[in-house]
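Subject: Structure handover

Hi,

Here is the structure we talked about, sequence included. Please open it next to this email and follow along.

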Amino acid sequence: MRTAYNVETVRAAERELMARLPEGALMQRAAGGLAAACAELLGRVYGSRVVLLVGSGDNGGDALYAGARLARRGAGVTAVLLSPERAHGGGLAALRRAGGSVAGVAGAEGLIERADLVVDGIVGIGGKGGLRAEAAPLAEAAARARAAVVAVDLPSGVDADTGEVRGAAVRADLTVTFGTHKPGLLVDPAREYAGSVRLVDIGLELPGGGAELEALQHADVAALLPVPAPESDKYRRGVVGIAAGSARYPGAAVLAVAGALRGGAGAVRYVGPAADAVIARFPETLVSDQGPRRAGRVQAWVVGPGAGDDAGTVGEVLRADVPVLVDADGLRLAEVGAVRGRSAPTLMTPHAGEAAALLGVSREEVEGARLAAVRELAGRYGATVLLKGSTTLVAEAGGGTAVRVNATGTGWLATAGSGDVLSGLAGSLLAAGLSARDAGSVGAYLHGLAGRFAADGAPVGALDVAGAVPGAWRDVVSVRVGGGVVGVRG
């Protein structure tokens, strides 16, 4: 599992470590990892042209010491000092001893245009807001240039704790971060500025339960997936109820059922006006025309996809004493008090537009501050909230656990009905016994992976995504050693 810690926690860990190390040793560790990453990106260091964009903080020092290492290997290194009087003295002296040169901001854009590599050491993890006026043109020049751009710890101009970008910022091809990931490296929009991310271990000791974000990996998801026991039957595996679809949107019901059938539950019950369409596509579905209360035994409900204005069904499902996933039209129809008053878990799955409507703000505000939005929604509704997007976020109401972040998806998942498949998939995992947080996180992980497998670089439909879930599931639970499958769960 990847974890991300806020700036305050990282700074405290750095202080504790520096107190035990010789002076400057921590910066040398960071600079060594940075220089190695730059050399790998360059391929051939000797004769390459490297420009360091150096601010006044420790990030500037890291860049200078890394530049000195590259200069000793034959690179032509020039440090552009944005605040010459406040540049890191030791790093500057090391660069000059290694044969590097120093320049001011004037003429720096020409240096950047001719460079093979630009190293962004302008602002550290404590920076707030966008770049200052004198730095913004350098970031723009780097974006125009053919040079690869490497950010030191975090692209300058993005917020380390929130992932927000409130002005001009550096767009990196590679970010070399130290000790731990920072939330801004995992959450959009800042994640888009980070490029690939490489974590360099510098020996920080971080609190086990203090992470702001966590990102599941294959092994974490495999450990959470439901696996039927030899004595299992469909009821022991869980039954998920789907209350979805309408005369206008019968396809939403079909797609939600498609996701649910591949989500680990033993059976799917469908309630709604699209029963004929559902049965025609998936004859194994158990259908009912008696409403949710009389549908039969379920361990979880999914309500809302394609529901139109059927507030009665949404309210009836919310009164059920089992976990409930609310999506699409159900989000608009669910009263805050009805959700907050539930004793069983609730998982809400809005996209940015739906979240904006629930919060009474613009979609742009949600997309610009996704971490704040998902936390506010979870607190307001007293529910677990999964905020869909290129990075999906899952937050619990209490705020005592790390927000889960998932980036397995692909832009091809931005297609009609994809969210309905996710609802059914995550609802099925709820019925199989996963918590709302785990069901949302695992569902998003599998859904994103299935989207990649189904698309394979080309347009894809929502049913194709549902059909690719078993392949994603098998990929997650396969243990590969040396390219061969040595064990498969489930």
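A word on helix axes first. Each axis is a line fitted to C-alpha atoms over the stretch in contact, and the angle between two axes runs from 0 to 180 degrees between their N-to-C directions. Please also keep in mind that this is a predicted model.

**Helix pairs**

Start with H3 (residues 58-72) and H4 (residues 89-97). Their axes come within 8 Å and cross at roughly 15°. Angles under 35 degrees count as roughly parallel, and H3 and H4 are therefore roughly parallel to each other. The crossing is left-handed. On the H3 side, the contact uses Leu64, Tyr65, Gly67 and Ala68. On the H4 side, Gly90, Gly91, Leu92, Ala94 and Leu95 meet them. By class, that contact has six nonpolar, three polar and no charged residues.

Next, H10 (residues 250-261) and H20 (residues 462-477). Here the axes come within 8 Å, with a crossing angle of roughly 10°. That makes H10 roughly parallel to H20. H10 passes H20 in a left-handed crossing. H10 contributes Leu255, Ala258 and Gly259, and H20 contributes Ala462, Leu463 and Ala466. Five of these residues are nonpolar, one is polar and none is charged.

H20 also packs against H19. The axes of H19 and H20 come within 7 Å and cross at roughly 110°. Angles of 65 to 115 degrees count as roughly perpendicular, so H19 is roughly perpendicular to H20. From H19, the contact includes Tyr445, Leu446, His447 and Phe453. From H20, it includes Val465, Val469, Trp473 and Val476. The contact divides into 12 nonpolar, three polar and two charged residues.

**Nonpolar cores**

The largest nonpolar core has 57 residues. Leu34, Val50, Leu52 and Val119 touch the most other members. Helix H2 (residues 25-42) supplies the largest share, 10 residues. Apart from this core lies another, of 55 residues, with Leu386, Ala431, Ala439 and Val442 among them. As background, nonpolar side chains in soluble globular proteins tend to be buried together.

What does Leu34 touch, leaving aside neighbours within four places in sequence? Its contacts are Asp62, Ala63, Ala66, Val119, Val150, Val152, Val176 and Phe178.

Most residues other than glycine have a negative phi, and most peptide bonds are trans.

- The peptide bond from Asp188 to Pro189 is cis, with omega near 5°. Pro189 sits in the loop between strand S7 (174-178) and helix H7 (190-194).
- Asp153 has a positive phi, near 75°. Asp153 is in the loop between strand S6 (148-152) and S7.
- Asp456 has a positive phi too, near 50°. Asp456 is in the loop between helix H19 (436-455) and H20.

Asp456 is exposed, at 68%.

**Individual residues**

Thr180 lies in the loop between S7 and H7. Thr180 counts as buried because its relative accessibility is 3%, and the cut-off is under 20%. Leaving aside neighbours within four places in sequence, Thr180 is in contact with Thr3, Ala4, Tyr5, Val10, Leu199 and Leu206.

Ala148 is in strand S6. With sequence neighbours up to four places away set aside, Ala148 contacts Leu41, Asp116, Leu117, Val118 and Asp173. Ala148 and Glu214 are 66 residues apart along the chain, and their C-alpha atoms are separated by 29 Å.

Val314 is in helix H12 (residues 311-318). Val314 counts as buried, at 1% relative accessibility. Not counting residues up to four places away in sequence, Val314 touches Val303, Gly330, Leu333 and Ala334.

Best wishes

How values were computed:
Residues are numbered from 1 along each chain as its sequence is written. This is a predicted model: local features need pLDDT of at least 70, side-chain atom pairs count only at pLDDT 80 or more; totals for chains, interfaces and linings use all residues. Side-chain values use heavy atoms; hydrogens and water are left out. A nonpolar core is a set of buried Ala, Val, Leu, Ile, Met, Phe, Trp, Tyr and Cys residues joined through side-chain atoms within 4.5 Å. Buried means under 20% relative accessible area, exposed over 50%, partly exposed in between (1.4 Å probe, protein chains only). Helices (H or I, at least four residues) and strands (E, at least two) are DSSP runs, numbered from the N terminus. Contact means heavy atoms within 4.5 Å. Angles under 35 degrees count as roughly parallel, over 145 as roughly antiparallel, 65 to 115 as roughly perpendicular and the rest as oblique. A crossing is left-handed if the near helix is turned anticlockwise from the far one by less than a right angle, and right-handed if clockwise. Ala, Val, Leu, Ile, Met, Phe, Trp, Tyr, Cys and Pro count as nonpolar, Asp, Glu, Lys and Arg as charged, and the others, Gly among them, as polar.
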